[in-house]
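Hi there,

Here is the structure I promised to pass on to you. Have a look at it first, and then read on for what I found.

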Protein chains: 4
Amino acid sequence: MTTHPPALWRRALAEALGTCLLVAIVVGSGIAAQQLSPDDVGLQLLQNSTATVLGLTVLILIFGPISGAHFNPAVSLVDWILGRRAGGGLSVKELCTYIASQTAGAIGGSVLANTMFEVGTSISGKERATAGHLMAEVVATAGLILLIFSLAATKRSSLAAPAVGAYIGAAYWFTSSTSFANPAVTVGRIFSDTFAGIAPGSVPGFVLAQLIGAAVGLGLLAALFPRDARTGNDVVVPHAANNRG
Amino acid sequence: MTTHPPALWRRALAEALGTCLLVAIVVGSGIAAQQLSPDDVGLQLLQNSTATVLGLTVLILIFGPISGAHFNPAVSLVDWILGRRAGGGLSVKELCTYIASQTAGAIGGSVLANTMFEVGTSISGKERATAGHLMAEVVATAGLILLIFSLAATKRSSLAAPAVGAYIGAAYWFTSSTSFANPAVTVGRIFSDTFAGIAPGSVPGFVLAQLIGAAVGLGLLAALFPRDARTGNDVVVPHAANNRG
Amino acid sequence: MTTHPPALWRRALAEALGTCLLVAIVVGSGIAAQQLSPDDVGLQLLQNSTATVLGLTVLILIFGPISGAHFNPAVSLVDWILGRRAGGGLSVKELCTYIASQTAGAIGGSVLANTMFEVGTSISGKERATAGHLMAEVVATAGLILLIFSLAATKRSSLAAPAVGAYIGAAYWFTSSTSFANPAVTVGRIFSDTFAGIAPGSVPGFVLAQLIGAAVGLGLLAALFPRDARTGNDVVVPHAANNRG
Amino acid sequence: MTTHPPALWRRALAEALGTCLLVAIVVGSGIAAQQLSPDDVGLQLLQNSTATVLGLTVLILIFGPISGAHFNPAVSLVDWILGRRAGGGLSVKELCTYIASQTAGAIGGSVLANTMFEVGTSISGKERATAGHLMAEVVATAGLILLIFSLAATKRSSLAAPAVGAYIGAAYWFTSSTSFANPAVTVGRIFSDTFAGIAPGSVPGFVLAQLIGAAVGLGLLAALFPRDARTGNDVVVPHAANNRG
């Protein structure tokens, strides 16, 4: 049975909308937490992380069948790398479209959250790039890549929605950086000077650490799942292959 | 294999009872939270949202096979719209019965919660209709409609129970309005002057925003799932089609 | 394929051990919560309910294939009633064995929790029997019975473990009594004068309310699932029928 | 269809990496909790346990298909015992390799967490070995062994990831020791003088209690699942048998 992926504009819409809502969830729940629990930063982070676990899981369920629900340039990049080797995955044009859609969506997500909470969009002043945080971003992104593509390698991508949600929920806490692990979301979070914001000066370091983490994740994947990593379409995150043509 | 849906009175009972318990969960856990954690509104909302995630999931599991577990006039309305185009879904009579049952059940749910907590039923004085909150209701309802009907369009409605529970749990936090996203529940929550209440004057704005959100959700659904949106029974929330005749 | 249920002594052991661990979870996490978060009763209840959601789900997974994982005389009683009508379910002897095992296990669970936390076993002085709490017990037990047997009626008992866990987690919050909903657990909780304890004088009222709630649940079940309620083995909680002979 | 397990070095890598990340999650989220919620130890434990539930579930999903995702010498030991009787399971050489990998990984996990949070690696001074805590470790480990191998005995090991995560999340709260239940993790947690640390002097008692708990779990397993306990490969935690060869 041959199935065609949805049109690229439709997949781009899915990536943009999904990433927009993901950032709206992260930023919006951060604003709510800050306003409602002003006395305990840990309680704020618990509210923020709980909302993200639930919301990210749902977003992957909605948009997975259309675009693969990457919402993350690091994931799309690895998909492209694995696909090149095996003759599947995203093309360069698709990769660029995905990344542009994700980044635009992420910025829109901050604006959307700011608007709902009537806080005004402004550039975050929250410096985050310490040595520990950069190392944490490497670890967080490596784990994310290993999770997503190990599920694909073992044909369990139907578990990706709750598994990725749960992973990010844990990574909020066990990494010192609260686990951005996503270059587009990192850029989007510049545009809200609230709990989840990040100052522009911290972004290059975070993105670089995330790309290094993606490479580490790829290396671990190759070591742990050697045969599967050569079987092409099976190893990439399914785009448009989950439940429909 | 032809299956007949349950008798309409039985489906109406399911919608009334399910919406009653949903509002009892929202209002009751709000009262408990307010009484037990008086010093931190964010902690109250975390208790309230956690109870709702768990309870709503269970209610959809119980009542889904009978009535589709809409519990929400916006969902029933979209079901009717999609069904008209494709020759399936609810009839006008069924739609009216669903909405009346949901609204009556929702009011009963507030009374039930008030009675269990011995707080007395009275009209809420909590004004909620700000510009940010109305926009939040548009976003919350659009996302809910997109979630429910995208699962139906991709034949994954068996995931609706945990997915809708998780969605509402996230939306409590990432929308500034705490995500009512349901005209019947909004009306029901008038009748408790407690944590989860809403003043009557805020209700028209909320309901209007929810209907606009439902339209936005329908538009996104048509853009993202074009073919599926024309296949009739497959696109509507299954009523009486999940596990039994 | 004919399958024999496990020997009755083995099922009795499963009911005793499962109910013991259930009460140990409820009482033990209550003690931990009280010790670690002394300043906020709501936070204590959130810790208590979260531990119970997770633990109860796991206990049903472990013991379900052996005894059906009732852990609750109200559930066993309804199983017997439904089975009598249809020629299946528990016999009177099995019912009595189940109830005795559950009650003994529940008492042991309080003792186990007290021992682990080195607090000493004594009779609780916590009076709980108000009108609101008794009504809450009716509601909580009715919902529990409706949930368990509606899943059985629609052949979805494999969802019972997470669904019952989630239900109790919501009921902790939306009922004013924190939802005991279980005569054996109610008796067991007499034996710890800590967060989750109940004074002996409140027990008869609670148990009576729970039995009324079970009857209400049965009535709702008959109204909502009429055909299924006559199909014998399908309507009872599966004992020894889930995954093995 | 004959399937070969992955090479032993690959399984050892999976056990080392998985146990490393498990300890990094436990220790790292403990540090974050302590820093962010300094005023409430119960809230710290809730953050710590929530992160562990989510993270442990994900780790079992990732590494289960390679090594069985034991991450725990007590689990590997029981696997070897059950396998000896039935002619399957780990060999002595594999058992030793697993335990060494787990222990080395666990120590690395503390170092990783310390590094991300820039707290410096030092020996914990937190004495934990009271009579109540030791009894709690017996209970916690017995329950863990019973859970894992009862799922295997009833061919439901695909549920192990969320079930083990949920179990540990409950056991954090209902046992007074916060449930280490794992000799390798216990050793690893020596190397962080933070929330989740344990003083070296408490380790022998904890490990002994865990081994006694494993024996208790094995006894309960034999009583409850007698036939299954003799069917060889079916009773052991699947290593390399879940989803791939």
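Helix α6 of chain B covers residues 160–174, and at 1.5 Å a residue its 15 residues should span 21 Å. In this predicted model, the end C-alpha atoms of α6(B) are 20 Å apart, which agrees with that expectation. Is α6(B) largely enclosed or open? It is largely enclosed by the rest of the structure, because 15 of its 15 residues are buried.

Next, a pair of helices in chain A. Two packed helices are described by the angle between their axes and the distance between the axes. For α5 (residues 131–153) and α8 (residues 203–224) of chain A, the angle is about 40° and the axes are 7 Å apart. Where α5(A) meets α8(A), the contact residues are 18 nonpolar, 6 polar and 1 charged.

Now for how the chains meet. The contact between chain A and chain D takes 32 residues from chain A and 31 from chain D. On the chain A side, α2 (41–67), α5, α6 (160–174) and α8 each supply at least two residues. The largest share, 9 residues, comes from α5(A). Sorted by class, this side of chain A has 20 nonpolar, 8 polar and 4 charged residues.

Some chains stay apart. Chain A and chain C do not touch, with their nearest C-alpha atoms 11 Å apart. Chain B and chain D do not touch either, and their nearest C-alpha atoms are 11 Å apart.

Enjoy exploring!

How values were computed. Residues numbered from 1 in each chain as written. Chains lettered and ligands numbered in written order. Predicted model: local features only at pLDDT ≥ 70, side-chain atom pairs only at ≥ 80, totals over all residues. Axes fitted to C-alpha atoms, helices over the stretch in contact; angles between N-to-C directions. Helix = DSSP H or I, 4+ residues; strand = E, 2+ residues; numbered from the N terminus. Nonpolar A, V, L, I, M, F, W, Y, C, P; charged D, E, K, R; others polar. Expected span 1.5 Å × (residues − 1). Buried ≥ 20, exposed ≤ 12 C-beta atoms within 10 Å, placed from the backbone. Contact = placed C-beta atoms within 7 Å.
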